[in-house]
Amino acid sequence: MRNSKGRIIAAGAALLAAGLALSACSGGSSDGSDANGVQTITFWHRTFTPPENAWYKDIVKQFNASQSKIKVVDTEVPADAWDQKMKAAQAAGKAPDIYTHSGPIQDAVNAGQLYNLDEVVDKSALQEILPIAQSVSEIGGKFYAYPLLVEAQTVLFWNKDMLTAAGLDPEQGPTTWDELMADCAKIKPTLKSGQYCISPAMDAATFAWSTVGQQYNFSGHTALTDDWTKPNIDNDGYRALMNEYKQLWDNGYMPKQALAAYVEGKDFGQKKVAFKVSGSWMMSEIGSDYKDLLTKTGVGAFPDAPNADGRTATTLGNFKWVIDAKSKHAKAAGQFLQWAIAGDPANVLPFFVNTQFTKIPVRQSVQDAVSKDEGAADAPWSDILINKIAPTAIPEPTYPWDVSLAVGTAMESVMKGAKSPDDAIKTADAAIAKVIQQNDLPSKAPKN
Amino acid sequence: MTVTHPTMTETEALVVPDARNARRRHRRYLYRDGKIAYWLLLPAVVLLGIFVIWPALYAAYLSFHDWSFYKAPEFVGWRNYTNVLTDPLFWAAIGRGFVFVAMTVPPMLLLAFGFSSLVVAVARRFAGALKVSIYLPTIISTVITSIIFVVIYDYSGGLLNAFLGLFGIDPVAWLGDPKWALLAIAIPAIWLGMGLTSLIMVAAMIDIPTEYYEAAAMEGANWWQKTFFITIPQMKNIILYLLVTGFVAAIQQLDLPLVMTQGGPLDSTTLPNLFIFNHFTNDVNVGYSIAAALLLFVVLGTVSALIFRFVNSERLVD
C-alpha cells in the first residue's frame, strides 16, 4: 500500500509539472523578424461586398510587392464568424496585428485592446481625418483607429420596374411612412407568389443597430436620456415607430422570415422585393453581382415619420483599421496602414470607385480624387448618398450594445405580435436600467 | 432451512488466522497488476488534469474577476454571480433548456422504442438494413444537419412549406416565428439522437430471455401485454440510462440553435449553452460567461443528482 501511495504522489507531481510546463509555453512567440529580417504581420478584414473584398486582397498584394521588409498575410473573415473568431484569437493571445473595426471604439479602448496610433502613424496623416470621422477614431486626444470610410446605414432602394408595374413613379420613392404604406398597398396586388413589397430589418439584433437613426427620426433622441441615467423609450415616438413595423408585418408587405440578410442585396437582386432597406453599400453589390439592375435601382432616403421635422432617419456607420494592443509588430502594422489608407490617395481610390461611389472618404484629398474620377458622373445615386443623406446623418450611438439590443428586442416583439407595445417597452426599460446600473453609465455619458 | 452448528465458535477460532492469510493472499492476487495499472492510468489522468481539472479551477478563479484578456484580471468578488442570478434572460434560458428536454427526450425514447420493437421483430437481413439506416444520422455532423434543416424550413422555397402548399396551407416561418422555432429545432435533435438510442434499446431487448415471452404466449398474452409486463420492466435500467444521457445532451445542445437561428426570434431558441456562448462572444469581460457556465454546471449537477437518487431508490439491481 505504501507503493501505491508513492505512485499516486508521483502521478500527481507529474500532472502538476505537465500543467505548469504547458501553461508556461502558451502564448509565447519569438521576437519580430525571421532570418531574413522580414517581419510578417497578420491582417484580418471582414467579408464585405465583392468589390471591397477584391480591393483588400489587392492592396495587400501591392504592399507586399512594393517593399521587402514587411510581409502582410491577410485573412478574409465572414461577418457572422467575426465576433467568435476574434474573441477566440484574443483569448489565445493571437489576435491579428491589424484588423478592420466598425462601430464605436470606446469599449475596446477602455479594455485596452487597441494600440495608440499616435506612436506608429505620422501625425500629418492623423490630422488629415475629417471631422465627420474624428469621433470614431479618437478618444481623449489620442487616436486609436484610422477610418477608411463612412456610409449611411439605412437607405431605401427600390426596383423601378416593379414600381412602374404598379402605376407608381419609378424616379421618386416614398418620402414618408404613409406614402410607403400607400405604395405597398398598390404594389401588393401586382406581386407574384414569393415576391414581397419590402424587405426591411426584422430581427432584434438588426433592429438594434440599423434603426437608431429611425428612433431619432421619430422621437428626436435615442434610447437613453442625455445624461445616460434613464432609458428614454417610453414615449409616443418609439411607440409610433414600433407600430409602423407592425403594420408592415400585419399587412403582409414584408416576408415573415428574412429572405436575405439586411446587409446584403440578394433578395433585391433576385427581384423578390420591390423595396429593400439596407446600407448604402448595397449599391456596390448590385453593381458587381446584379449588373442588369444597376440602372433600374432607385435610391433615396429612408421614409420619414409624420413629425420628423427634417431629422435624418439614418446613422452614419464607419469602418476603420485598428492595431491590436498586444501586437509585436506595431510599427510594421502602422507602416502598412499608412501606406494603404493614409498615404497616396491613388491606393485607396479604386476602393471608392469600384463600390459605385456609395462610400464617403474621410480625407479631403481622397474626396477630391473620387469626385474627379470620370465614373463619378455615371453614378447619380452618389450625389443623393453623399450630398443629401450623409450630411444630416447622426453618428452611431456610443452607449453599450445591450441598450440597443433591448430596444431591438422590443421592436421585434411588437412587430411579430408577441408583446403589446406597453409590455415590450416595460421589458426593454428593465433591461436598459440594468445595463445602466451595472456599467455605471451616468459617469460615462458624453459631456456636451 | 436452518442448520445449527453447535461447534461454530471452536471452528471459528481455528479458521480465522487462515482466513486472514487467505484474504491477504487474495488481495495481493487481485492487485498484482497494481504498478502497471497506475502507469496505464497516468496518461489519462495527466490529460484530464491539463484539459479538465486545471481549466475548471482557473475558471472558478476567473469567475470572481473582470478580465478582458488585455489587462490584468480585476477582482470583483461575487458581482459576476449576482449579475447572472439576477438576469431574467439567464433563468429564461435555463427554463427553455428544460422545455427543450421535454420536447426532445420523451418523443425520442418513444420513437426509438417503437423502432427497436420493429427491429427485433423482423427478419435478420431487414433488421440489419433498419439498424444502419437509423444510425446514419448519428454520423452526420450536427452542423451539416442544421444546414440541411435550414434549407428544409426555408420560408419561401423550402421543402416543408412547398409540401404544405400542396394542401393549400400558407407558408409558415418555421425559424422566424417565436411560436414554432423551438419545435423546429427539436425535430433535428430527435432525428440525430434516435440512432444511438434505438441501437442501445435493441441490444437491451435482445438481452431479455425469450423464455419470458414463451411463457407469456402460453398464457395467451398479446403484444401490448408482453410489452408492458415483460419488455419495459426488463429494460428499466437502460431506459433510465437513456433518460439521463438524453437529458444531459439535450440541455447542452449548442450546434443546432447556433447554426439554425442564432438564438432565434426573440430569444425563443436561446438554450443555456448558446446563452453563455453569446455572452462570451459579445461581452468585453469574460467573468459573466464563466460565472454563468459554472452556475449551469450547478443546475445540471443538481438535476443529475436528483435523477440518480430516484434511480437508487428503485430496486434495479438484479
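Student: How far apart do the C-alpha centres of domain 1 and domain 2 of chain A lie?
Tutor: The two C-alpha centres are 28 Å apart. This is a predicted model, where local features need pLDDT of at least 70, side-chain atom pairs count only at pLDDT 80 or more, and totals for chains, interfaces and linings use all residues. Residues are numbered from 1 along each chain as its sequence is written, with chains lettered from A and ligands numbered from 1 in the order in which they are written.

Student: And which residues belong to which domain of chain A?
Tutor: Domain 1 is 39–152 + 316–378, and domain 2 is 155–313 + 398–444. Those bounds come from an automatic or database domain assignment.

Student: How many residues of domain 1 of chain A are in contact with domain 2 of chain A?
Tutor: 13 residues of domain 1 are in contact with eleven of domain 2 in chain A. Contact here means C-beta atoms, placed from the backbone, within 7 Å.

Student: Which elements give two or more residues to the domain 1 side?
Tutor: α2 (50–66) and β6 (146–152) of chain A do, and α2(A) has the largest share, three residues. Helices (H or I, at least four residues) and strands (E, at least two) are DSSP runs, numbered from the N terminus.

Student: OK, switching to the chains. How many residues does each chain put into the contact between A and B?
Tutor: Chain A puts in 34 residues and chain B 26. On the chain A side, α1 (2–24), α3 (79–91) and α18 (401–415) each supply at least two.

Student: Now the four-stranded sheet in chain A. What's the strand order?
Tutor: β8-β9-β7-β10, an open sheet with mixed pairing. Strands pair if DSSP finds at least two bridges between them. The edges are β8 (196–199) and β10 (297–301) of chain A, each pairing on one side only.

Student: In what sense do β8(A) and β9(A) pair?
Tutor: Parallel, over three bridges, with β9 of chain A spanning residues 273–278. I198(A) stands opposite F275(A) in β9(A).

Student: Which strands does helix α17 of chain A lie across?
Tutor: α17 (residues 380–389) lies across β7 (155–159) and β10 of chain A, at about 5° to β10(A). Axes are lines fitted to C-alpha atoms, for helices over the stretch in contact, and angles run from 0 to 180 degrees between N-to-C directions.

Notes: Two residues are in contact if their C-beta atoms, placed from the backbone, lie within 7 Å.
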